[in-house]
Amino acid sequence: MRQMKKYLMDMRVVENVRLHPLYCLLKLTSDRKLPGMIPGQFVQVRVDGSFLRRPVSINYVDREANELWLLVRIVGEGTRRMAEYQSGDLMNIMLPLGNGFSMPQLPAGSNLLLIGGGAGAAPMLYLGDTLKSLGFRPAFLLGARSKDELMQLDEFEKNGDVYLTTEDGSTGERGFVTHHRILAERKFDRLYACGPKPMMVAVAKYAKAMHVACDVSLENRMACGIGACLCCIEHTAEGNVCVCTEGPVFNINQLTWQI
């Protein structure tokens, strides 16, 4: 897939919304018009005091407001610092990086299911919004450990029907996303998934069994974002590739998972 032009931009924080003790939503803007971005791509954020940038998936792009949204999961010192940014602060962003989800070559009434587990739900918002703009009404299947870790549900509901699972049963169906009854009750024409690898492997097995095309977004550890450090290598049908440049999105037929 052709690589898009990359930009380094100083972006200003419009708003930092703490959605959960472990998650914040950063809304960023620029004096320049935002470049084109595809759902599934990511950005690299420079964090003061850290040598390495932090990769963050693109949560949403608001073209009218010229805003980029990043849903940040706080897992270490770098993301903790990102969560402390305030309105008016500047962040240096490299974008857009990687290859995104492929758009379906299907009739507008086709059944599309977007599956997000935990932080993997983040890129599904922009994907769903893009699919809606193309005439689709996708369904979302979102899973988390508990109710309070399911975020942005009102935004997802603007684009399609939302189905939920929680491991503790606090909302939706109890269990993992791959246990939800919607997978048995409805026939889907295309699947998209992002989340923990065991979840995506299970989704890929389901897609294979149902003979349905499926894209998955890998969450391999990334450092440079441009294929130089080789820490995000994934073995594929075409050999070892850097997820940050050849992915993070792959069709399941490209992967060598045991599915």
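**Exercise 1. Find the hairpin formed by β14 and β15 and describe its pairing.**

Solution. Strands here are DSSP runs of E with at least two residues, and helices are runs of H or I with at least four, numbered from the N terminus. Next, look at the pairing, which requires at least two DSSP bridges between two strands. β14 (residues 233-236) and β15 (residues 239-242) are antiparallel, with 4 bridges. Finally, locate threonine 236, which faces glycine 239 of β15.

A word on the source: this is a predicted model, where local features need pLDDT of at least 70 and side-chain atom pairs count only at pLDDT 80 or more, while totals for chains, interfaces and linings use all residues. Residues are numbered from 1 along each chain as its sequence is written, and side-chain values use heavy atoms, leaving out hydrogens and water.

**Exercise 2. Which strands stand at the edges of the open sheet of 7 strands?**

Solution. First, trace the order: β4-β3-β7-β1-β2-β6-β5, with antiparallel pairing. Then read off the edges: β4 (54-57) and β5 (60-62) each have a single partner strand, so one side of each has no neighbour in the sheet.

**Exercise 3. Follow β5 to its partner, strand β6.**

Solution. Now find a facing pair: aspartate 62 is opposite glutamate 67 in β6.
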